[in-house]
Amino acid sequence: MKDFAAIDFETANYERSSVCAVGVVVVRDGEIVDTFYSLIKPEPELYTVWCTQVHGLTLEDTVDAPVFPDVWAQIAPRIAGLPLVAHNKVFDESCLKAAFRTYGMDYPDYEFHCTLIRSRQLWPEGRHNLDIIAARCGYYLQNHHHALADAEACAAIALKIL
């Protein structure tokens, strides 16, 4: 796969609609050609301690952030016609669909691929966390759980194993 957009969401709480950050890495002909990162005002607008411990974001970070439809309006043209790739597509795809539903937006039925599923097929033993698989693919993930850093790691993995 040489043309795709790697995507990663962070959530504020256990509701999949509560996306509070997104990172996107656009790859064309095997090269990164664009990156995008934005904080997002989550819906519902509350943070659990556990989620904040994972990614470090709080209500103060996103209180003045744009809402999902405004952020997606910036992303949609960047990824038009591309399949999406995530490390654990079950999570990221469900976040995307939940955000679309929450805001009454028509979901364009994006094609999704999963580097987590593929890594489990290639290496059945051991753990398959994003940072572990990235390292196995020769990419050192810094700032894990920052949406753009995770999307960059996902893109690096996808270029190696998809």
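Leaving aside neighbours within four places in sequence, Glu93 is in contact with Tyr107, Tyr110 and Phe112, where contact means heavy atoms within 4.5 Å. Glu93 belongs to helix α4, helices being DSSP runs of H or I with at least four residues and strands runs of E with at least two, numbered from the N terminus. With a relative accessibility of 15%, Glu93 counts as buried; buried means under 20% relative accessible area, exposed over 50%, and partly exposed in between, for a 1.4 Å probe and protein chains only.

The model is predicted, so local features need pLDDT of at least 70 and side-chain atom pairs count only at pLDDT 80 or more, while totals for chains, interfaces and linings use all residues. Residues are numbered from 1 along each chain as its sequence is written, and side-chain values use heavy atoms, with hydrogens and water left out.

A polar atom of the Asn13 side chain lies 2.8 Å from the backbone oxygen of Leu46. Apart from neighbours within four places in sequence, Asn13 is in contact with Ser18, Pro44, Leu46, Thr48 and Cys51.

Helix α3 spans residues 68-79, and its 12 residues reach 16 Å from the first C-alpha to the last, close to the 16 Å expected at 1.5 Å a residue; the expected span is 1.5 Å times one less than the number of residues. Within α3, Phe68, Val71, Trp72, Ile75 and Ile79 are buried. These residues lie on the same side of α3 because they cover an arc of only 95° around the axis, the arc being that of the directions from the helix axis to the C-beta atoms. An α-helix has 3.6 residues a turn, so residues three or four places apart point the same way. Ala73 and Pro77, on the other side of α3, are exposed. The cover over the buried residues of α3 includes β1 (4-11), β2 (19-28), β3 (31-39), β4 (84-86) and α4 (89-102). Just after α3, Gly81 takes a positive phi of about 80°.

The structure holds zero disulfides, a disulfide being a pair of cysteine sulfur atoms within 2.5 Å.

| Cysteine | Nearest cysteine sulfur | Distance |
|---|---|---|
| Cys114 | Cys154 | 7.9 Å |
| Cys137 | Cys154 | 10 Å |

Cys114 is buried at 8% relative accessibility, and Cys137 is buried with a relative accessible area of 10%.

How values were computed:
A polar contact is a pair of N or O atoms within 3.5 Å; within protein, one must be able to donate a hydrogen and the other to accept it, and residues adjacent in sequence count only if both atoms are side-chain atoms.
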